[in-house]
Amino acid sequence: MRLASIDIGTNSTRLLLAEVNNGVVTTVKTGLITTRLGQGINDGRLLPAAMERTIAAIKTFLAQSREFGATGIVAAATSAVRDAVNQAEFLQLTREATGLQVKVLSGEQEAAASYRGVLAGLPIAPQSTLVLDVGGGSTEFIWPAGNAVHYVSLPVGAVRMTEGGHSDEQIKEIISDTLLQIKKQLAGSFSLVAVGGTATSLAAMSLQLSQYEPALVHGHYLSLAEIDRLLTVLIAAGTEGRKKIIGLQPDRSDIILAGVRIIKLVLEGLELQGLTVSETDILHGLVLELAQQMSKQKLE
């Protein structure tokens with residue numbers, strides 16, 4: 001099946017065009033446009049200009065999906081839309097402009113899709129792996145406990161923390177209970193896999209990628225010491241200097257510090273020495289779910 005998924009995030013709108021065969025996702029093309037839908041996120045309302053930018057990006061990706069011959073398209077919105085008081089307005093404007101019915105994911109659904117995407121793309125041991133998805137508006141933690149998979153979504157994201165001017169202590173306060181829960185339920189040794197723009201940017205900076213290469217980023221291990229080093233470099237560079245750092249998208253230069261601080265605080269709180277970065281994430285999880293639904297409909 002040729003399928004497309006569109007992730008409408010707080011910081012960016014992203015596209016995955018893929019072929020799905022027996023649960024295996026083969027990426028054909030990806031796209032990312034920094035739309036900053038969550039601009040002013042702490043006021044709880046999507047701004048008209050931000051909605052316009054995002055709908056324009058969705059239209060672009062929809063045209064690419066049709067050109068690709070996608071037989072199914074799923075568009076899903078996360079934290080910014082989930083928390084917005086004018087969510088219905090955005091969904092209506094999008095439907096009128098594109099014809100798409102955007103699905104608003106709950107924090108748990110978002111976490112589940114990210115987890116499904118990670119499992120599809122990395123040879124990991126599900127029973128001893130914690131997945132961390134640091135987004136623009138929220139951060140999801142996904143981990144196994146007993147026969148169940150636990151999902152927690154917290155209002156801690158790179159855009160939200162930047163705009164709110166949150167200190168390390170304030171971030172710790174929001175994540176500490178969840179970290180304690182994880183440590184209790186994942187007793188013994190476990191590893192951390194991180195997805196999202198902050199994690200992939202850290203990998204790209206560490207690898208000094210002047211041109212982003214997903215194959216090199218995927219599965220790249222980042223030690224806490226290397227994350228510390230990169231954070232020091234980012235702070236020293238200042239806002240303008242960060243735009244010139246190899247591996248970092250200039251559009252992310254204003255929010256990267258908050259994202260890196262979140263990751264660092266999670267590692268320190270869990271007493272882990274590093275993490276593995278995954279390129280396969282919520283977009284892959286969404287196309288797998290769509291493929292499943294379409295196969296089921298065919299059988300019916």
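Me: What do the numbers here rest on?
Reply: It's a predicted model, so local features need pLDDT of at least 70 and side-chain atom pairs count only at pLDDT 80 or more, while totals for chains, interfaces and linings use all residues. Residues are numbered from 1 along each chain as its sequence is written, and side-chain values use heavy atoms, with hydrogens and water left out.

Me: Why is α7 called roughly perpendicular to α10?
Reply: The axes of α7 (residues 197-206) and α10 (residues 256-270) cross at roughly 95 degrees and come within 9 Å. Axes are lines fitted to C-alpha atoms over the stretch in contact, with angles from 0 to 180 degrees between N-to-C directions. Under 35 degrees is roughly parallel, over 145 roughly antiparallel, 65 to 115 roughly perpendicular and the rest oblique, so α7 is roughly perpendicular to α10.

Me: Which residues in α7 and α10 meet?
Reply: Thr198, Ala199, Ser201, Leu202 and Met205 in α7 meet Ile256, Gly259, Val260 and Ile263 in α10, where contact means heavy atoms within 4.5 Å. By class that's 6 nonpolar, 3 polar and no charged residues. Ala, Val, Leu, Ile, Met, Phe, Trp, Tyr, Cys and Pro count as nonpolar, Asp, Glu, Lys and Arg as charged, and the others, Gly among them, as polar.

Me: What makes something a pocket, and not a cavity?
Reply: On a 1 Å grid over the protein atoms alone, a cavity is a set of points where a 1.4 Å probe fits but cannot get out, whereas a pocket is an open set with protein on both sides within 12 Å along at least five of seven lines. Lining residues have an atom within 4 Å of a point.

Me: What lines the largest pocket?
Reply: There are 48 lining residues, with Arg14, Leu32, Gly196, Gly197 and Thr200 nearest its centre. They split into 16 nonpolar, 24 polar and 8 charged, and β3 gives the largest share, 6 residues.

Methods:
Helix = DSSP H or I, 4+ residues; strand = E, 2+ residues; numbered from the N terminus.
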